[in-house]
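Please look over the sequence and the model before reading on.

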Protein chains: 2
Amino acid sequence: MLFKNKAKDTRKLVQSGNASLVLGTDLEVEKQIKMIHLTEEDLEIAKALQPFVEKNLAVLVERFYQNLENQPSLLHIINDHSSITRLKQTLTVHISEMFAGVINSHYFEKRKRIAHVHVKIGLQTKWYMCAFQDLLLSLITIIEESLTDREEIFQSVRSVTKILNLEQQLVLEAYDLETERLK
Amino acid sequence: MLFKNKAKDTRKLVQSGNASLVLGTDLEVEKQIKMIHLTEEDLEIAKALQPFVEKNLAVLVERFYQNLENQPSLLHIINDHSSITRLKQTLTVHISEMFAGVINSHYFEKRKRIAHVHVKIGLQTKWYMCAFQDLLLSLITIIEESLTDREEIFQSVRSVTKILNLEQQLVLEAYDLETERLK
Ligand code: HEM
Ligand code: HEM
């Protein structure tokens, strides 16, 4: 990554040593991560973005649930199984964790659980993906409002899209397996 | 959109009147499009980006198929059903069309056919999604190398991610329906 080595850059976004990518023995996941070009440096960028994300999380989460009002059936699902108030807390914690810069066995377990929960409540994958796009748009706005350096902006956009893509891959695969299992 | 109205901006990226969003009678898709905040203006931005994308398409497509080498089973699928040479042409046409700024019944039909073809050849959704992320990264690089105006950059990134997200939603939903049907 270029901007880490810019000697004159005093606003250095990324500090190395803050991230951790531990894959275990799953060779498929290793290939998935390679194919999306996700490296420990992306996790360092995520970790560097975490304070900016946390500062804007309340607005992001508010917007996330407001957006679901476009499809009233989603609100019914939520009220049948949980509540907006509870889910706002769940999502706040989850998004902050997405920017912790850590991928390990706990991370993979959690994505499986998220898939199982959403299959159980009957959330179709298309709405799950719509919600992810809304999330991404909010994160892009946070980058827009927080960063000025052109290279940092592009690196951040790249890292954020990789992290969201990996999460979607893992959750949608577990979705398919769980849907299959429940037949 | 702000940058369309900047009187002093002589490098105006977007010209209105070049895009078309025709939804037909599918109310679900209408809601999906609303939830990802995709509008005709995004299609205008796509159309404005099309020449930049086309100029870099050969490199993008080359990289796309090189990336599949990370997972040799994907190359086997390709050689069993087609050839890299043929698919490079298919992908070149398809990506150019993604930036045509047009969404209509033909567009929706094509996404269904893409899903059916990929189900038939046994392509797991996770590899499809990996390939999409590689595509997105290439498109981000094209934006990085083609645009200088900060606002145009962010608008372009937003529009491109929306267009890719909609395509994934449509293809993955048709994937599920087709997998179900074939059982
Ligand atoms: C970006 C997309 C989404 C993310 C990241 C997300 C994240 C989460 C997480 C982390 C949990 C807790 C899982 C656990 O127990 O460990 C959860 C549960 C839940 N989600 Fe989502 N979610 C998303 C989209 C949606 C949507 C669109 C709905 C609309 C119906 C929804 C409804 C629910 C409900 C009802 C639960 C709680 C179920 C229960 O407590 O039994 N989620 N979600
Ligand atoms: C971003 C992801 C991808 C896009 C946008 C894409 C696009 C397309 C398109 C437009 C077609 C032609 C469909 C038609 O007949 O109308 C096609 C066919 C095909 N794709 Fe993909 N594809 C993607 C990922 C992949 C991957 C990862 C593989 C790896 C195995 C693959 C293998 C094939 C094969 C073998 C065919 C041709 C099948 C035949 O002619 O019978 N695709 N794809």
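Predicted model: local features only at pLDDT ≥ 70, side-chain atom pairs only at ≥ 80, totals over all residues.

**The site of ligand 1**

Start with the iron atom of ligand 1. Its only protein donor is A:His118, through NE2, at 2.1 Å. A:His118 sits in helix 6 of chain A, which covers residues 105-120.

Which residues come nearest to ligand 1? They are A:Arg86, A:Thr90, A:Arg113, A:His118 and A:Phe132, out of 20 residues around the ligand. A polar side-chain atom of A:Arg113 is 2.8 Å from an oxygen atom of the ligand. For A:Arg86, an N or O atom of the side chain is 3.3 Å from a ligand oxygen. A:His118 places a polar side-chain atom 2.9 Å from a nitrogen atom of ligand 1.

Four elements of chain A give two or more residues each to this shell: helix 4 (72-81), helix 5 (84-98), helix 6 and helix 7 (125-146). Helix 5 of chain A has the largest share, five residues. By type, the shell around ligand 1 holds 15 nonpolar, three polar and two charged residues.

**The site of ligand 2**

Now turn to chain B. The iron atom of ligand 2 has a single donor from the protein: B:His118, through NE2, 2.1 Å away. B:His118 lies in helix 6 of chain B.

Ligand 2 is surrounded by 20 residues, and the closest are B:Arg86, B:Thr90, B:Arg113, B:His118 and B:Phe132. In chain B, helix 4 (72-81), helix 5 (84-98), helix 6 (105-120) and helix 7 (125-146) each supply at least two residues of the shell. Which helix gives the most? Helix 5 of chain B does, with five residues. The shell around ligand 2 is made of 15 nonpolar, three polar and two charged residues.

| Side chain | Atom of ligand 2 | Distance |
|---|---|---|
| B:Arg86 | oxygen | 3.4 Å |
| B:Arg113 | oxygen | 2.8 Å |
| B:His118 | nitrogen | 2.9 Å |

**The nonpolar core**

The largest nonpolar core has 120 residues. Which members touch the most others? They are A:Ile95, A:Phe99, B:Ile95 and B:Phe99. Take B:Ile95 as one of them. Setting aside neighbours within four places in sequence, B:Ile95 is in contact with B:Val53, B:Leu57, B:Leu60 and B:Leu135.

A:Gln169 belongs to helix 8 of chain A, residues 150-181. Is A:Gln169 buried or exposed? Its relative accessibility is 1%, so A:Gln169 counts as buried; the cut-off for buried is under 20%. Its contacts involve both chains. Beyond neighbours within four places in sequence, A:Gln169 is in contact with A:Gln32 and A:Ile36, and also with B:Lys126, B:Met129 and B:Cys130.

A:Val59 lies in helix 3 of chain A, residues 57-67. Why does A:Val59 count as exposed? Because its relative accessible area is 60%, and exposed means over 50%. A:Val59 and A:Leu27 are 32 residues apart in sequence. In space they are 38 Å apart, C-alpha to C-alpha.

Notes
Residues numbered from 1 in each chain as written. Chains lettered and ligands numbered in written order. Heavy atoms only, no water. Near = heavy atom within 4 Å. Polar contact = N/O pair within 3.5 Å; in protein donor to acceptor, adjacent residues only side chain to side chain. Nonpolar A, V, L, I, M, F, W, Y, C, P; charged D, E, K, R; others polar. Core = buried A, V, L, I, M, F, W, Y, C linked by side-chain atoms within 4.5 Å. Buried < 20%, exposed > 50% of the residue type's maximum accessible area, 1.4 Å probe, protein only. Contact = heavy atoms within 4.5 Å. Donors = N, O, S within 2.8 Å, 3.2 Å for Na, K, Ca; no water.
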